[in-house]
Amino acid sequence: MLSRFVALCTRATLLLGAALLPGCSDGPWNNPNPESPPGMVTYQSVMSPLPPKHLDPALSYAADESLFLMQIYEPPMGYHYLKRPYELLPLGVEDFPLISYTNAAGELVDPDAGEVAFSVYEMTVRADARYQPHPAFALDDTGNPRYLFTDPAAGRQYRQISDFPELGSRPVAANDYVYAIKRLADPFNASPMLGFMAQYIVGMEAFSERLKDISRDGWVNLDQYNMDGLEVVDERTFRITIKGRYPQFSYWLAMHFFSPIAPEVDRFFHNPGFLDRNLTLDWWPVGSGPFMMVKNDPNSEIVLERNPHFREDYFPTEGAPGDAEQGRLADAGKRLPLIDRAVFRLEKEVLSLWTKFLQGYYDRSGESHGNTNRVFDQAFVVGPDGVELGAELAEHGITVAPDVKPAIYYYGFNMRDPVLGGYSEERRKLRRALQIAFDTEEYLNIFYKGNGIPAQSPIPPGIPGFVDGEAGINPYVYDWVDGAPQRKSIAHAKQLLAEAGYPNGRDARTGEPLKIFIDVQSQAISSTSMNWMDRAFGRIGVQVEYRPADWNRTREKLLTGNTQIFSHGWLADYPDPENFLFLLYGPESPLICQCDGANNASYERPEYDELFRQMRVLPPGAERDALVARMVELYREDAVWLFGYYPKDIYLNNPWVHNNKRHGISKNTLKYVRIDDELRERKREEWNQPVIWPLYAMSALLIALLLPGVIAYRRRLRATARQ
Amino acid sequence: MFAYIVRRLIYAIPILVGVNLLTFTLFFVVNSPDDMAASQLGDKYVTPEAIENWKQKNGYDKPLFLNPQAAGVGQVTDTIFFDKSVRLFAFDFGRSESGRDITTDVATRMWPSLAVALPTFLVGIGVNICVALMVVMFRGTRLDRGAVFVFVALMSISYLFYIIGGQFLVAKTWRLVPISGFHTEGQVWKFLILPVLVGVVAGIGAGARWYRTLFLEEANQDYVRTARAKGCSELSILFRHILPNALIPILTGVVVLIPSLFMGSLLIESFFGIPGLGSYMLDAINSQDFAIVRSMVFIGSILYIVGLLLTDISYTWADPRVRLS
């Protein structure tokens, strides 16, 4: 019996080994990536923690979706990859927009002299811009679309774009840009941009109203309907007319909302039955950018491949100061893109992401905001020279790419609050006392591992209007000491509190302690940070009560002004101070606009609002800078926000990944990435040698567990009745 | 039996309506259609018009339960609840809030769930039964008492510990298998080894202890003594006599789970990156996608009802004395 058991175990082990080992022979056992197509350099990356929800440029408005859209589409404008401050460049069009200004009668006017009623942006599409190969462009022998069905059953065999055998392409046309803007206006698409853009683009609102009433049986060719503010001049030239003067519109043209959409692509995806198989423009973007989507499995991975029709584009030959010295121009002049393929795998858990990155199966630790802070915890150690890379990472040759985002996170005061709000000198002093008591530096060090810069104004680094050094500090909260900002003392805060009518944190009239209420999003705050805040405000005798709620309830409170102190954040759409200063513009208050306005503090100061209106229409220059500086000064004087910080993300790169400079605004940077494939293969092999002994140990343990049982069983079988 | 099955299926209809009503009510107590629209549209530049457009496009521009502006039956039928619920009974799950066809997604994601859940289930049952029978063979000895102690210890450890511990040891430290992922191209099995192993090991404590109790009850029966007196070997007694007689309580706990295997496991799928229905549900909850949550709860209810029905039917197979009427 025992010998039979041992023989059985041996046979089972051999069979299992025979089944498994051949599969393990080609490279490391723990390699989670399937083989890359031969001859193609594949960038292995991650999408985390959720897959994109929308990939239609008219619908999408999220950074993790932009990561894909900006590789596939080319909007009219883009940004220089290396230069800082951020520099706008033509991308899908030949040159910067030719802007002309007209009065209400349509006559050309000098923008500095006359009243500007309209601004007309004229652009010419690049001659070599051409769409990726796609079945929507395929034609039959008679020149008609190859894949145009009237019956859902006719196209039933096509479940993915790769199922269509015939592909076609054509040059990008001016009408495609116009068509894309019409899609933004189509209420059926429910674009998040419609409400905002309708304020500027002439005729957009009326166009949208008109489309509400039309029948929706199948595809609606938007070319049949005219929008007043759009004009196709010729095959490659188009015009957009906007109301008044809005220089920031050029920045909007760099966003994916304005990417060209070919009408035949829209028609293709409206084939009957396609929607039921998720064959939609929302899942299969079609563009003229450096890459095209070849696989979209949002549950698992998204695969991009080089667009064979991508125009001639080259790595920049100039960069920001210091870029050349740091080797960032090593690929200057090379044809883009520098990789053939990019795979983005869905990774929800940090441990898996981090392990695969360290094993070399991901080229970078992440692509957009999200997990980097948690990854950062494991990556760095505190050494004698401050925070430095951990030993394991340093040995691996991993490089660090810090990214101070053009963003701000802040806790704001409700300026209409009866206790903390208002514009009297007492209320300002009260708010300043709270600002001083909240030690932002300590808060960031404890809870964000120092990954943030305390905000001295609403304008983050890299954006015109940000001032560094002594001139840039908030003098109500900081002093400039020994070449660095130093927070004013708690004694000063207490004095301000007393002058505000709250000596030692108690109301001078009633003797009641001052209690402040902070609305926090329950998922975004921990009990330890609440304890820390209790202690921070406790130093000046102020008590705190927290009102945790989910985002929906918090939003409701902001919309109704039912809050005292709230947390919020803002990530720039474009690198202009206007995109931050509007967070304090009076008409943007939700209580005034009766909408999701951005001025959640409900800050209303006529001087600020007037300055904002003037600044908004001015081109960059000294005059504009002066207005921005004055607005920042008003913000500081009124102490509108309790505190703010500019978030800093840390991205880690494996040693074979090159051109890792982060771009805070644009996601159109995949084409610059270069991979040393040979080094990657070598390192992966070296880092992932399996440890075999546990297999033997576990087998031995299993036998050790079973053997006594088998022996006892045999003994029992052989035992006599007496035994 | 046919009449019994039909009757049980008819009973299922009010249960499904009730479950759907409950899900609908609970979801919309927390989220209004406006909240859903805002969360789908993002938190920048969201205008009331954009919210209205989104609601209209996705069919949330009607009253929840009662439409006083409609006439007659329309007061009930021209509502979000009616619109969204009736289609479910025709297995038309509609589209998720992000526009994807739920039926297609469910059909696609069901297989990865099954690829992990089925081997875990089968291997788990096999291991648990074998371990339990072995312990029963040595009942009353130190081996039995030691095994019970180990079972209780295994039961006391959190499932998360098994997952993270397994990932840390097997995938990160020993580098024997990928830490997570799932691919149908090539070697699928190497992504399944670790989740299945974790699932089986995590279930041994509770499973083997439960089966041990069942088998012990049978082990003291007269027919076992008779079999032993007839000279049957211990293995034969365990597998040919005790096991078949303990099947009824085993089936009660096991068969009901079989249809639910399609639904996957929230934790395992999430941690091991398996693109199955468990992670589908979790993502839907996180992104407040009511259409998916509602559909998944509905499918889950149906599978549970089917599981209970199969359990009843399996009794007749395990014990011919049982009659369904």
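**View 1. The buried residues of helix α15 of chain B in this predicted model.** Buried here means 20 or more other C-beta atoms within 10 Å of a residue's own, with C-beta atoms placed from the backbone. On α15(B), the residues that qualify are B:F290, B:A291, B:I292, B:R294, B:S295, B:M296, B:V297, B:I299, B:I305, B:L309 and B:S314. They pack against α1 (2-30), α2 (33-41), α5 (80-89), α6 (102-137), α12 (247-254) and α14 (277-286) of chain B. Helices are DSSP runs of H or I with at least four residues, strands are E runs of at least two, and both are numbered from the N terminus.

**View 2. α15(B) from end to end.** The helix covers residues 290-318, 29 residues in total. Taking 1.5 Å times one less than the number of residues, it should span 42 Å, and the end C-alpha atoms sit 41 Å apart, which agrees.

**View 3. Where chain A meets chain B.** Contact means C-beta atoms, placed from the backbone, within 7 Å. By that rule, 50 residues of chain A touch 52 residues of chain B. On the chain A side, α21(A) gives the largest share, 6 residues.

**View 4. A:L652 and its surroundings.** This leucine lies in strand β21 (residues 641-653) of chain A. Skipping neighbours within four places in sequence, A:L652 contacts A:F357, A:R364, A:S365, A:A379, A:I398 and A:V400.

Residues are numbered from 1 along each chain as its sequence is written, and chains are lettered from A and ligands numbered from 1 in written order. As this is a predicted model, local features need pLDDT of at least 70 and side-chain atom pairs count only at pLDDT 80 or more, while totals for chains, interfaces and linings use all residues.

Conventions. Contact = placed C-beta atoms within 7 Å. Buried ≥ 20, exposed ≤ 12 C-beta atoms within 10 Å, placed from the backbone.
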